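Dear colleague,

I am handing over the structure below, and I would be grateful if you could look it over before reading my notes, which follow directly after it.

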Amino acid sequence: MGHPAVAESSRRRGIGTMLSAYLTAAVLDRGCRTVWLEPGDPGIERIYARIGYRTVGEKLNISLR
């Protein structure tokens, strides 16, 4: 699991949603046309869905030795 952006004591207050929305708007305002997110779990995926993200595919990682 990754490192959460919001401290556990401050979760479930909408901070993650507000932060994600702000950062998304900031990069789009600067000309970015595509934003790729990789949620670590269903809870994080719900945050992204609230601000308009949708699943368009899955990523496959292949490691060759």
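This is a predicted model: local features need pLDDT of at least 70, side-chain atom pairs count only at pLDDT 80 or more; totals for chains, interfaces and linings use all residues.

A residue is called buried when its relative accessible area is under 20%, exposed when that area is over 50%, and partly exposed in between, taken with a 1.4 Å probe and protein chains only.

Residues are numbered from 1 along each chain as its sequence is written, and side-chain values use heavy atoms, with hydrogens and water left out.

A search of the whole structure finds one salt bridge, meaning a side-chain nitrogen of Lys or Arg within 4 Å of a carboxyl oxygen of Asp or Glu. Glutamate 38 forms this bridge with lysine 59, and their closest N and O atoms are 3.1 Å apart. The pair links distant parts of the chain, since glutamate 38 sits in the loop between α1 and α2 and lysine 59 in the segment after α2, 21 residues apart.

Helices here are DSSP runs (H or I, at least four residues), numbered from the N terminus. Leucine 19 lies in helix α1, which covers residues 15–29, and leucine 19 is partly exposed, with a relative accessible area of 34%.

Finally, the C-alpha atoms of valine 56 and alanine 26, 30 residues apart along the chain, are separated by 22 Å.

Terms used. Helices (H or I, at least four residues) and strands (E, at least two) are DSSP runs, numbered from the N terminus.
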